[in-house]
Amino acid sequence: MLKAQLIERFGLNKTVTEQFFLYIGNILSGYWGVSWRYFPKDVFTLIMERLPWTLLIVILSRVISFALGYLVGTIAAWKRGSKFDIVLQALGLTSMSLPAFWLGLILLTIFAFYIPIFPLGGAITSGLVHKSLWDFVYDVLYHAVLPVITLTIVTFFIDALVMRNTMIEVLGEDFILTAEAKGLKERIVMFRHAARNALLPFVTGIMMSFGLLVTGAVFVEVVFSYPGIGLLLMESVLSRDFPTAQGIMIIITLIFIISNFIADLTYTLLDPRVRLR
Amino acid sequence: MLRGLATSWKYFRKSKLAVGGLIIILIFIFMAVAAPYLAPYDPQKSFVGPMFSPPSIKHPLGTDDAGRDVLSQIIYGSRISLIVGLLTAAVATLLGTIVGLLSGYFGGSLDEVLMRITDIFLTIPFIPLAILFALYFGPNIWNIILIFGLFGWPPVARQVRSQILSLRETLFVEALRALGASDKRVIFIHLLPNVSGIIMANVVSRTVFVILAEAGLAFLGASDPRNISWGMMIFYALRSGAVVQGAWWTYIPAGLCVALLACGFSFLGHGINLVLNPRLRGR
């Protein structure tokens, strides 16, 4: 009796092709199935509850890494071959081989266990009633510090190296020579003339890596028990919650595609030569 | 051929970073091969010591939550990272090279189709997909190698293709065609050796990627529980509350090994690039 009901409910008596199109239709209409772990919660609602936390740490670290990478990359290119530049390159090569979760664990051990200045995990102090909006914002940022630092370390060196390499190409162009010959100050040539022109590949590269950063956030969230979609993904792997795991896969793919799309748009926005007709 | 290798070695040897990378890799390979002789205990055996005991003479890297010897686990863990890393890189590079060669050499509609497939594979986020696959088909080590191999080829295909595109237009290929050489002969005897450098660089960079990805997957608990790996050690440490116990020895050395091995391969890749790209060598 129950078995027959369940078969009817999940459409298991239909052919595989019919089931597949049913699935696609459900995905498009926002019905992503029911979580097995948080039964009877709807997967879409569950993910939407968790997504803001992930976006918060990813966007924060992206902005910080962008600003620092821009500055450091510009200076490294300007002083090409100097100690500063060589150290940056070596650190860049090393940082690409560091597992993000391990880095997070080290930070967690030092700054939450041995020197307990930051919380061991979570996104807000549980049980605390926030007196004002500012209290809430402070609490959220306080919990986000370590995850954001971890993510930033992972991306910062790559950002800086991308900026450095584009800058070096720009620095070889004639207009830089002209600007220097005009007797402009070094800093003005560096930031107004060179860095601006190197900005284009940098910005698009950064938008494209946004999706990758979401993947990185999965690991960092697990380390800091940060309640974003990454932690949700791990919970669903461990409890064999297939619908939720699938839903997270869809949402991460969507973020990938959307950020690539935005990268294309910024290209046309920043470079007048690549306008769409 | 031999002289070519000797010259390559000469340039390679100049880079301290590349030689350092090679030494790191060799040490880990030695560790993996000689694991049964090096490991002081059975890595899977529980309670060879008290739980969470700090590093001591009996247990140089301490013990974990089940009283297993951490050093022995680390030594055996090198096997998984190396096997998964190298095998997968080989599968991915092989697939990528075939697609890139066919696509670049024949062009036309075959190229269109293959490159669109490559684009689709490139948009799919790799790690979450691997996690999903491991979840559905079971986190057996061969499945993981298969997943990483089947989804890791697109970047290789892109690079090989672009190289073949420019080689295809060179005079020597035209001469070969005029001499009546078959497509098969041109591709395998003449084009393949010319892209072998890129292929080698790709094997290395793929290995770095896979070592990190495998550790990540194991860290999330989506790995073969019968084979101890470094990522899994960190997974167990985190789950058993090693951080709040102050038992840093259960996860710091394991992560360090992942980082070291990955670094070793990226330094090696750096060296190969130096040999391949004379412009990077400097004056």
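Reader: Is S236(A) buried or exposed?
Author: This is a predicted model, in which local features need pLDDT of at least 70, side-chain atom pairs count only at pLDDT 80 or more, and totals for chains, interfaces and linings use all residues. Residues are numbered from 1 along each chain as its sequence is written, and chains are lettered from A and ligands numbered from 1 in the order in which they are written. A residue is buried if 20 or more other C-beta atoms, placed from the backbone, lie within 10 Å of its own, exposed if 12 or fewer, and partly exposed in between. S236(A) has 27 such atoms within 10 Å, so it is buried.

Reader: Which residues is S236(A) in contact with, leaving aside its neighbours within four places in sequence?
Author: Two residues are in contact if their C-beta atoms, placed from the backbone, lie within 7 Å. With those neighbours set aside, the contacts of S236(A) are R37(A), D241(A), T244(A) and A245(A).

Reader: How far apart in space are S236(A) and L212(A)?
Author: In sequence, 24 residues separate S236(A) from L212(A). From C-alpha to C-alpha, the distance is 21 Å.

Reader: Why is chain A described as more spread out than a compact globule?
Author: Chain A has 10 helices and zero strands. The globule rule, 2.2 Å times the number of residues to the power 0.38, is compared with the radius of gyration, taken over C-alpha atoms. For 277 residues the rule gives 19 Å, and chain A is more spread out than a compact globule because its radius of gyration is well over that, at 24 Å.

Reader: What percentage of the residues of chain A count as buried?
Author: The C-alpha trace of chain A spans about 85 × 55 × 40 Å along its principal axes. Of its 277 residues, the buried share is 36%.

Reader: Which helix supplies the largest share of the side of chain B that touches chain A?
Author: In chain B, 31 residues are in contact with 31 residues of chain A. Helices that each supply at least two residues of that side include α6 (126-137) and α10 (183-219) of chain B. The largest share, eight residues, comes from α13(B).

Definitions and conventions: Helices (H or I, at least four residues) and strands (E, at least two) are DSSP runs, numbered from the N terminus.
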